[in-house]
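Subject: Structure handover

Hello,

Here is the structure for you to look through. Please open it beside this email and follow along.

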Amino acid sequence: LSGLDPAQPYFQDTPIEVRLDKSDAEFVDVIHTDSAPTIPYLGFGMSTAIGHLDFYPNGGQQMPGCGKNPVSQIVDLDGIWEGTRDFVACNHLRSYKYYSDSIIYPDGFLGYSCASYDVFDTDTCFPCPQEGCPNMGHFADKFKGKIKTDFLKLYLNTGEAKDFALWRYKVTVTLSGKSKVKGYANIALYGSSGNTRQHQIVKGTLRPDNTYTSFIDAEVNIGTVTKVKFLWNNNQLNPTFPKLGAATITVESGEN
């Protein structure tokens, strides 16, 4: 059974006979997309972990792309009817859109086991453990038999619009140069299966010999890394024309 943002009003914290529960089937996976309270303490979606696998994309409360202004959301690419529904219940409806996208991307939507979404951006939850990471959506049942705890809360990020699948990489950059500079450094990844756009690794004071780490949620599974493009820029004109380089760049795929 796959629960697509199971309803919170009248169902959360009720006996298991009333609501969805992992005892309802051999395998129950749940996608939580609207667990933030719309009215105080009352959202459309349930926040409690109730399945064998509980996925909380983008933290499970506010989905990217759902904060658009009403006019742009109603007159959307999907048409006025879908745009109107999205305006009323955008976060809630994201669950079925993620599910349908997961059929197209069987290697996408990896969920990382984590204590909370706040911890998701740290090394604690990356990369996948030895048994791997489950896929949110249609292929979640590939993970059946690998679950070692009573429940597993999983976190991931998605895109703002279709296609929603993102692939997570950890990028570590050690800078080279002679003087510190205020600015930012970007990375673009090139691989056997595609290339990413530029992603910002660090912003602020760039110090030579310092190492900076950032997570990239890439819009494409690049496959085997073939090239990394490093670009930096300073925030203000500098008459000394400082130079910075990347002494080393390490790219780690969450999956393997």
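Cys-90 counts as buried, because its relative accessibility is 6% and the cut-off for buried is under 20%. Keep in mind that this is a predicted model. Cys-66 is buried too, with a relative accessible area of 12%. A disulfide joins Cys-66 to Cys-90, with an S to S distance of 2.0 Å. The link of Cys-66 and Cys-90 is left-handed, with -75° about the S-S bond. Cys-66 sits in the loop between strand 3 and helix 1 (70–74), and Cys-90 sits in helix 2, so the pair ties together parts that are 24 residues apart in sequence.

How many disulfides does the structure hold? It holds three. Cys-114 and Cys-125 form one of them, with sulfur atoms 1.7 Å apart. The torsion about their S-S bond is about 70°, so this disulfide is right-handed. Both cysteines lie in the loop between strand 4 and strand 5, eleven residues apart. Both Cys-114 and Cys-125 are buried.

Another disulfide joins Cys-128 to Cys-133, S to S 2.1 Å. Its torsion is about -115°, so the disulfide is left-handed. Cys-128 and Cys-133 are both buried. Count the bonded cysteines along the chain and the pattern is 1-2, 3-4, 5-6.

Now the cores. The largest nonpolar core has 36 residues. Which of them touch the most other members? They are Leu-53, Phe-55, Met-136, Val-173, Ile-187 and Ile-201. Several elements give two or more residues to this core, among them strand 3 (53–57), helix 2 (80–104) and strand 7 (181–191). Strand 6 gives the largest share, five residues. Why does this core lie between domain 1 and domain 2? Domain 1 (1–165) and domain 2 (168–253) both give residues to it, so it lies between them.

Take a look at Ile-187. Leaving out residues up to four places away in sequence, its contacts include Val-171, Val-173, Ile-201, Phe-230 and Ile-249.

There is also a second, separate core of eleven residues. Tyr-112, Cys-114, Phe-120 and Cys-133 are among them.

Five strands form an open sheet in the order 1-2-3-5-4, with mixed pairing. The edge strands are strand 1 (2–4) and strand 4 (112–113), and each pairs on one side only. Strand 2 (residues 29–31) pairs with strand 3 in the parallel sense, over three bridges. Val-30 has Asp-54 in strand 3 as its bridge partner.

Best wishes

Note on methods. Residues are numbered from 1 along each chain as its sequence is written. This is a predicted model: local features need pLDDT of at least 70, side-chain atom pairs count only at pLDDT 80 or more; totals for chains, interfaces and linings use all residues. Side-chain values use heavy atoms; hydrogens and water are left out. A nonpolar core is a set of buried Ala, Val, Leu, Ile, Met, Phe, Trp, Tyr and Cys residues joined through side-chain atoms within 4.5 Å. Buried means under 20% relative accessible area, exposed over 50%, partly exposed in between (1.4 Å probe, protein chains only). Helices (H or I, at least four residues) and strands (E, at least two) are DSSP runs, numbered from the N terminus. Domain bounds come from an automatic or database domain assignment. Contact means heavy atoms within 4.5 Å. Two strands pair if DSSP finds at least two bridges between them. A disulfide is a pair of cysteine sulfur atoms within 2.5 Å.
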